[in-house]
Amino acid sequence: MMLMIQQENSLKENIASLQNLLGRGRIIDINDSMRNTSQVRIGSIVKLAIYNVSNDKESSEIWEITGYNETNIKERKLSYNSPLAKNILSCKKGEVVDEICIPPNVLDIKIINLYKTWADAQNLN
């Protein structure tokens with residue numbers, strides 16, 4: 001019986017937390033004409049040069065910075081609250097952020113470009 005009461009209380013806490021989150025949420029509809037291409041913001045499509053200090057490897061990747069908990073690796077969407085996005089928000093083209101720790105890796109990131117659309121990113125890649 002005690003276990004059932006604990007589970008019920010836990011569920012109530014989870015519901016209250018979700019209601020709070022929903023109550024604070026707002027919809028941001030970013031169309032291509034509004035997309036920021038001067039600085040990394042929510043909605044930005046950004047090309048990154050990534051140097052993995054941990055294994056001495058380089059790569060480049062394109063990501064769209066999205067809203068809270070909207071990360072989708074297959075769609076190349078990265079939530080602004082993810083470790084990588086947190087470190088590049090407000091950066092401008094050409095800026096470098098050194099030694100971002102994303103276990104088990106340490107990364108140096110350079111902002112290569114910001115795009116208005118995914119089509120631009122794919123064509124100008």
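This is a predicted model: local features need pLDDT of at least 70, side-chain atom pairs count only at pLDDT 80 or more; totals for chains, interfaces and linings use all residues.
Cysteine 91 is buried, with a relative accessible area of 7%. Cysteine 101 is another matter: at 56% relative accessibility, cysteine 101 counts as exposed.

Now to the sulfurs. How many disulfides does the structure hold? The count is 0. For cysteine 91, the closest cysteine sulfur belongs to cysteine 101, and the gap is 17 Å. A disulfide requires the two sulfur atoms to be within 2.5 Å, so the 17 Å between cysteine 91 and cysteine 101 is too far for a bond. Seen from the other end, cysteine 101 is in no disulfide, and its nearest cysteine sulfur is that of cysteine 91.

Next, the sheet. The model has an open sheet of 5 strands, and the pairing is mixed. Reading across the sheet, the order is E3, E2, E1, E5, E4. Which strands stand at the edges? They are E3, residues 77–79, and E4, residues 96–102. Each of these has a single partner strand, so one side of E3 and one side of E4 are left without a neighbour in the sheet. On average, neighbouring strands here are turned by 45° against each other, with direction ignored.

To pick out a pair of residues, isoleucine 100 has leucine 107, in E5, as its bridge partner.

To recap, the structure holds 0 disulfides, cysteine 91 is buried, cysteine 101 is exposed, and the 5 strands form an open sheet. That is what I have for today.

How values were computed:
Residues are numbered from 1 along each chain as its sequence is written. Side-chain values use heavy atoms; hydrogens and water are left out. Two strands pair if DSSP finds at least two bridges between them. Helices (H or I, at least four residues) and strands (E, at least two) are DSSP runs, numbered from the N terminus. Axes are lines fitted to C-alpha atoms, for helices over the stretch in contact, and angles run from 0 to 180 degrees between N-to-C directions. Buried means under 20% relative accessible area, exposed over 50%, partly exposed in between (1.4 Å probe, protein chains only).
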